[in-house]
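Thanks for passing this one along. I had a look through it and jotted down some points to go over with you.

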Amino acid sequence: MSIDSSVGSAADTTAQTGALSADADWWRQAAVYQIYPRSFADADGNSIGDLRGITSRIPYLKDLGVDAVWLSPFYPSALADGGYDVDDYRDVDPKIGTLHDFEEMSAALTEAGIRLIVDIVPNHTSDQHAWFQEARRSPKGSPARDRYIFRDGLGPDGAQAPSDWESIFGGPAWTRITEPDGSPGQWYLHNFAQEQPDLNWKNPEVREDFKKTLRFWSDRGVDGFRIDVAHGLTKDLPENLPTQAEMDTMPQDGSHPIWDRDDVHEIYREWRQVFEEYSPPRIGVAEAWVSSERRPLYASAEGLGQAFNFDLLEADFDAAQFRDIVSFNLGLSEASGSSSTWVFSNHDVVRHATRYGLPTPAEDPQAPADEKAGTSWLLSRGSEPRLDAEGGLRRARAATLFELALPGSAYLYQGEELGLHEVAEIPDADRQDPTFFNSPGVSVGRDGCRVPLPWSRQGGSYGFGPGQAHLPQPEWFSRYSVEAQEQDPESTLNLYRSALRLRRELQSREALEWLSTHHDTVLAFRRPNGWICVTNFGEVPATLPSGELLLSSSPLTTDGELPGEATAWLQS
Ligand code: NOJ
C-alpha cells in the first residue's frame, strides 16, 4: 500500500536557525510537545509550575528538537479540574504568572524556533467565571442564565434533577443552585465536574466572546489552539429530556442531543475565518472523542484543520492493530486533506511505558465492567506489583520510534522523553483529580501522569523548583531525571533527541509504503528518500532489510538482528 497525500513539508521548520518560517503548513508533520504547566517547572517556588519555569527550560526544548509546544490551560482557575475549569479566558493564573510572563515566554519560544499552541476550553467555564457568578445572581429566564443551560427541576417543588444524566467524571450531570432570595432554585448542566457548567452555544454572546479570545491569544504570538471537548459544544435539548439509558443508545450520527452534533461545525467554520485573519493562519486541533469516520469533519480545512486520533493510544502493543490503525488513519487524513495525528500519552491517560508493562484489559481478570475507569483501573493504589517496568519502557521506546517515523504530527507528552512511568503511589489525601473523588473505587484518576517532572537527581523536588512539588514525587524519579539521563547515550532522553533530529532531516512528503516482512509480528514501512522503519512486536529477533542503521530503540543482537520489542530506522 502506498499513500501519497500531501504537498506540505515540515522539513523546513527552522528551529535550527532560530526563526519561524512563514510556511502555512508547518503543523502538518510537526512534533508537538505537550506541557502541563503546573507540573513542568516551578520558578517561583510556590509548588506549582509556572510560565517563567517554562521560559527557563526553552533551551531544553530546543535541544530535544520539538517543533511546537502545546500548553494545557494556564488561565486563572480554582483547579477543580487541573485548570480545565477556566475563570477568565484572557488572563494568566496569578499562581503561574502574568500576561507579561506569557509574552516573554512566547517571544523566547519564537526566538528558539518553536511554535506555540494553547488550550481553549469552550464547552464549559468554571463556576467562578464572572458569567456564572452573574447567572447565579440573576433571575430565572435572564440573559445571564441564558449563557448556560439552566432548567427547572422535576417534581412539585423542582427538587428532582431535570434528568438522570451522569457526568463524565461520575455523579449527576445537573446541580441545583440557590436563588438570590435564598430559595432552592434551578439546575444547571455540567457534563464534567460540577464546577464546570456547560455553556449554551446557541447564545450569540458566547459565540462572539470566544472569537475575541482566539484573537486575544493570536495577537500575543500564539500559533494555534487545541480545542477541548470539541465535539460537545452544541446541544439540542428537547422539553422532555431523554433518560441516560436512552441517550446512550441514540446514534451519534450528527443528531445526538449533546455529542458530536453536525451543527458544531458552524462554530468551527467561523473560527476558521478568525484563523485566516493571521499569517500564517492560526491552526486548530480538535480533541473530539468521536467515531473515526466522523473525525474528518473536525479536521477539514474549512473547520479546525486537524483532529486528534487516539487509536494508537487505545491499542495494545500489537503489529496487526498498529498496521490497521495507521493504514486506516492515513486514508482518513487523505480524505479530509488534513494530516494524521499520533498520540501515545497525554495528561488524561496512564503513561504508555506503564500501559505496556501491565496486563492488557483482555488479559486482566480485574478489569472493571465500567468503562468510565478509562485505563487507570490498571493501577492499584500504592506500589504496582504487576508492573514490568523494564518491559513496558522497552515497548514504549519501540512504539515511539514507530510513531516518529509516521507521516503526520506526533503529539508527545512531557516526561515521556524520560521514559517516565505512571506514579501509582500517590496517597489518597494528596490526590487532586475529580475523577478520583467522583468515581469511588472505580478510577484512581489522572494524577499519576501529572506528577511534576524530575530535572535533577536530588533536591526537595528533583529540580522541579525551589519548593515542594504539588503532587508527591516518588524516589525512583531520581533515576529518571534529566540530569541522570543527560550523560547516558542509551537513555530514553537521548533516544528522543536523536529521533527528533533525524526526523527533521529525513522527513519530506507525507507518504508511506508498507514493506513485506514475512512475519506477522514485524512491521516495516518506507518513507520517501529511503527512510525505513522496522518494528519487531514479537520476541524472536528479526532480520533487517539492507541499509545503513540510523537508530534503534534497543541494541541490535550480535548477529545484527533486530531484537524483540524494538524499532530500527535505516537509510536504504
Ligand atoms: C479533556 C481534557 O483533556 C481533560 O483533562 C478535561 O478534564 C476535560 N476535557 C474537561 O475539560
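Here are my notes on the core, the rings and the ligand site.

1. Before anything else, keep in mind that this is a predicted model, so the values below are computed from it.

2. Start with the nonpolar core. The largest one has 130 residues, and F102, W271 and F322 are the members that touch the most others in it.

3. What does F102 touch, leaving aside residues up to four places away in sequence? The list runs to L51, L71, F74, V92, L116, V118, W217, R220 and V222. Two of those names, F74 and W217, come back in the ring cluster below.

4. On to the aromatics: searching the whole structure turns up 41 aromatic pairs. Take W476 and Y480, which pair edge-to-face, with 5.4 Å from centre to centre and 75 degrees between the planes. Are these two buried or exposed? W476 counts as buried because its relative accessibility is 18%, and the cut-off for buried is under 20%. Y480 is buried as well, at 12% relative accessible area.

5. Ring pairs link F74, Y75, Y89, F102, W201, F210, F216, W217, Y268, W271 and Y298.

6. Two arginines have their charged ends over rings. R220, already on the contact list of F102, sits over the ring of F216, 3.7 Å from its centre. R355 does likewise with Y356, at 5.9 Å from the ring centre.

7. Last, the ligand. Which of the 14 residues around it come nearest? They are D81, H124, D228, H347 and D348. Oxygen atoms of the ligand lie 2.6 Å from a polar side-chain atom of D81, 2.5 Å from a side-chain N or O of D348 and 3.0 Å from a polar side-chain atom of R226. On its own the ligand has 290 Å² of accessible area, and the protein covers 97% of that.

Note on methods
Residues are numbered from 1 along each chain as its sequence is written. This is a predicted model: local features need pLDDT of at least 70, side-chain atom pairs count only at pLDDT 80 or more; totals for chains, interfaces and linings use all residues. Side-chain values use heavy atoms; hydrogens and water are left out. A nonpolar core is a set of buried Ala, Val, Leu, Ile, Met, Phe, Trp, Tyr and Cys residues joined through side-chain atoms within 4.5 Å. Buried means under 20% relative accessible area, exposed over 50%, partly exposed in between (1.4 Å probe, protein chains only). Contact means heavy atoms within 4.5 Å. Rings of Phe, Tyr and Trp (its six-membered ring) pair if their centres lie within 6.5 Å; planes under 30 degrees apart count as stacked, over 60 as edge-to-face and the rest as tilted. A charge sits over a ring if NZ of Lys or CZ of Arg is within 6 Å of the ring centre and within 35 degrees of the ring normal. A residue is near a molecule or strand if one of its heavy atoms lies within 4 Å of it. A polar contact is a pair of N or O atoms within 3.5 Å; within protein, one must be able to donate a hydrogen and the other to accept it, and residues adjacent in sequence count only if both atoms are side-chain atoms. Accessible areas come from the Shrake-Rupley method with a 1.4 Å probe; for residues, only the protein chains shown count as cover.
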